[in-house]
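Good morning, and thank you for coming. I would ask everyone to look at the screen while I go through a few parts of today's structure.

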There are 2 protein chains.
Amino acid sequence: MIGIKDIAKECNVAVSTVSRALNNSTGISQKTKEYILRVCEEKGYQPNSVARSLILNETNMIGLVVPDITNQYYAFISKGVSAYLEKRGYGLLLCNSDRNKANELMYSTFLTSKRVDGAIVIPISSDKDDYKSFIKTNTPLVFVDNYIADLDVSFITNDNYSGTRKIIQHMIRLGYKRIGVILGDKNSSASNDRFRGYTDVLKNSGIDRDDSIVFNSMATFADGVKYAKFLIEKSVDAIFAINDTVAMGVLKYCHENSVEIPRDLGLAGYDDIEQAGMLHIPLTTVHQRKFALGEKAAEVLINEIKNPYTVKQKIILQPKLIVRKSCGE
Amino acid sequence: MIGIKDIAKECNVAVSTVSRALNNSTGISQKTKEYILRVCEEKGYQPNSVARSLILNETNMIGLVVPDITNQYYAFISKGVSAYLEKRGYGLLLCNSDRNKANELMYSTFLTSKRVDGAIVIPISSDKDDYKSFIKTNTPLVFVDNYIADLDVSFITNDNYSGTRKIIQHMIRLGYKRIGVILGDKNSSASNDRFRGYTDVLKNSGIDRDDSIVFNSMATFADGVKYAKFLIEKSVDAIFAINDTVAMGVLKYCHENSVEIPRDLGLAGYDDIEQAGMLHIPLTTVHQRKFALGEKAAEVLINEIKNPYTVKQKIILQPKLIVRKSCGE
DNA sequence: GTGAAAGCGCTAACAG
DNA sequence: CTGTTAGCGCTTTCAC
């Protein structure tokens with residue numbers, strides 16, 4: 001592989017001159033610069049960014065730790081991150097934690113060893129202690145999506161509370177009075193925030209919350225099928241599912257048991273996955289700004305890299321109600 | 001950030017001794033080695049892999065160029081790549097080409113500049129000339145999924161021809177005689193291979209292919225809806241869709257026009273996306289080994305990195321027929 | 001078994 | 001405007 005020395009020899013100049021040409025620094029004549037650049041082009045010279053990184057003490061790479069890249073939600077965030085980084089000339093080191101704490105930890109030391117300029121992490125836990133190792137690396141950091149209290153680190157998320165308020169208000173406006181809900185895990189901040197939204201809207205609408213029609217689940221398709229049965233037996237007039245996959249489970253149960261949606265039962269999901277609008281009963285749901293979330297996270301991170309002593313940001317993106325068929329009009 | 005020199009000073013040894021301890025090289029006493037390692041632990045020393053890379057001339061990173069990380073198919077491949085690399089101690093530099101040739105090209109120079117030890121690329125084009133820049137970097141390379149003729153590079157894919165054969169044979173066995181097909185783009189090798197499979201099975205079954213019930217499309221949900229109409233008007237008794245998303249479009253059209261599946265029309269998809277089994281009519285489809293494909297690609301690549309003069313491999317993974325409801329039993 | 005020193009490919013003073 | 005040189009943090013010869 002050809003290096004700066006070879007170019008220098010070829011051009012009969014010193015390596016520093018070549019370096020100046022390459023980095024369009026000042027203090028070099030236009031003429032020699034053009035000449036050197038042309039030779040670089042001809043020889044197909046590619047600067048060795050490892051060597052540059054060593055001396056400049058910056059790698060122009062940022063790490064991204066995601067729970068599961070095959071999850072559409074995280075994939076879109078990653079794409080947003082990637083798009084922004086690409087514009088700014090940064091590379092993306094992808095770390096798939098596989099929803100595993102030990103992996104997260106391992107990637108934390110891996111990323112510091114790789115000397116990334118910063119990292120974006122979508123944590124799987126909400127426990128501050130699980131992220132001590134990240135914090136003490138002193139690498140600029142942005143947390144996304146899952147809120148961890150008492151951390152002096154920038155944080156960006158979609159507003160689960162307000163998104164849920166919007167959709168529950170919509171349902172109540174349509175006349176539903178007994179809305180069953182299938183939540184996710186009790187430890188998920190997203191699930192809890194959504195439950196708060198549900199609770200508050202009910203209260204404001206003068207409806208008493210009935211905890212016998214509120215279930216926690218693992219938020220899978222199978223859970224949707226399972227709790228649809230429970231809830232329908234408790235004669236709810238609508239179901240709010242924690243996400244679209246769970247809503248698909250409800251839809252499935254209803255199809256097989258001749259419960260017609262939305263005539264017999266209103267149904268709402270959350271996330272607006274790609275397939276939500278493609279179902280035989282298109283889902284009314286909440287659209288989250290996933291791509292924008294990733295872009296924003298990258299933007300905040302790069303900003304903190306360039307301006308180390310800036311204050312940490314907490315950004316909450318507003319989701320959007322998507323009205324389709326599953327709740328009626 | 002603390003370096004090897006600091007450790008050396010702390011331990012009253014030379015840097016070379018610390019290096020020996022860290023890399024468990026020979027020529028160091030067990031005692032000093034343990035001592036040094038303990039001090040490294042205490043001080044939280046993290047080796048600077050940039051410096052290591054410079055001298056060892058290897059980065060322990062590999063590049064992955066994907067058309068679109070939000071596509072489930074590519075996401076699963078990426079996860080497979082990531083899982084294998086993690087085991088082998090390599091990092092993954094993710095490049096989202098966004099189905100754009102210029103981006104692919106840009107990432108090619110980016111990756112060589114980053115001095116990755118190898119790259120896996122899922123190309124968007126089948127044109128050899130579009131990948132010249134990758135080839136001439138001399139970086140070990142593995143191509144995935146989209147076949148490019150006349151390239152002396154390792155290649156791994158799922159067998160689209162045989163996958164389609166399996167599903168069309170299944171349909172014919174069930175008694176379907178007039179199977180309409182909604183293909184993808186005319187330039188997609190996957191679409192063309194699937195069409196070959198369709199054609200050959202028809203021929204072997206003594207059925208004449210009727211080109212008036214074969215359509216090329218952009219392979220979207222909307223195309224599924226659109227061509228379902230065309231095909232049903234031509235009184236097909238079944239439809240083979242190029243992928244599950246298109247099949248969902250067909251399903252949608254049928255639901256709205258009271259065509260009952262599978263009673264009135266058989267339907268088959270391809271890919272086995274996550275949602276295929278969650279629909280109100282679960283899709284009969286072809287499952288591709290996406291994760292395994294990624295793992296295998298990474299394995300082949302690492303092997304070529306470690307053994308430079310090994311012969312290039314061409315690997316074709318066998319997909320699996322998934323029988324659900326949409327074609328009947 | 002250990003230390004001194006060269007050098008990986010580049011950038012950035014400093015000198016001319 | 002250009003060249004000489006030190007050195008980024010590490011590995012690896014080569015002496016001792």
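Let us start with one side chain: is B:D68 buried or exposed? Please keep in mind that we are looking at a predicted model. B:D68 has a relative accessible area of 12%, and because the limit for a buried residue is under 20%, B:D68 counts as buried. To find B:D68, look at the loop between strand 1 and helix 5 of chain B. What does B:D68 touch, leaving aside residues up to four places away in sequence? The contacts are A:K79, B:Y74, B:N96 and B:R99. The side chain of B:D68 also makes a polar contact of 3.2 Å with the side chain of A:K79. A polar contact of 2.8 Å links the side chains of B:D68 and B:T70.

Let us now turn to strand 1 of chain B itself. Strand 1 covers residues 61-66, and six of its six residues are buried. B:M61, B:G63 and B:V65 point one way from the strand, while B:I62, B:L64 and B:V66 point the other way. On both sides, these residues are buried.

Which strands pair with strand 1 of chain B? One is strand 2 of chain B, residues 91-96, which is joined to strand 1 in the parallel sense by six bridges. Within that pairing, B:I62 has B:L92 as its bridge partner. Another is strand 3 of chain B, residues 118-121, which runs parallel to strand 1 and is joined to it by four bridges. Here B:I120 of strand 3 stands opposite B:L64. Strand 1, helix 5 (residues 72-88) and strand 2 of chain B together form a right-handed β-α-β unit.

Next, the DNA. There are 25 residues around DNA strand C, and A:I4, A:Y45, B:T17, B:G27 and B:I55 come nearest. Of the atoms of DNA strand C that come within 4 Å of the protein, 66% belong to sugar and phosphate. Phosphate oxygens of DNA strand C lie 2.7 Å from a side-chain N or O atom of A:R52, 3.0 Å from one of B:T32 and 3.2 Å from one of A:N23. The elements that give two or more residues to this surface include helix 1 (4-11) of chain A and helix 2 (15-22) of chain B. Which element gives the most? That is helix 4 of chain A, with four residues. By type, the residues near DNA strand C comprise eleven nonpolar, eleven polar and three charged.

Finally, chain A holds an open sheet of four strands in the order 7-6-8-9, with parallel pairing. Strand 7 (214-215) and strand 9 (266-268) are at the edges; each has a single partner strand, so one side of each has no neighbour in the sheet. Strand 8, residues 238-241, pairs with strand 9 of chain A in the parallel sense over three bridges, and A:A238 stands opposite A:G266 of strand 9. Thank you for your attention.

Definitions and conventions
Residues numbered from 1 in each chain as written. Chains lettered and ligands numbered in written order. Predicted model: local features only at pLDDT ≥ 70, side-chain atom pairs only at ≥ 80, totals over all residues. Heavy atoms only, no water. Buried < 20%, exposed > 50% of the residue type's maximum accessible area, 1.4 Å probe, protein only. Pairing = 2+ DSSP bridges. Right-handed = clockwise from strand over helix to strand, strands pointing away. Near = heavy atom within 4 Å. Polar contact = N/O pair within 3.5 Å; in protein donor to acceptor, adjacent residues only side chain to side chain. Nonpolar A, V, L, I, M, F, W, Y, C, P; charged D, E, K, R; others polar. Contact = heavy atoms within 4.5 Å.
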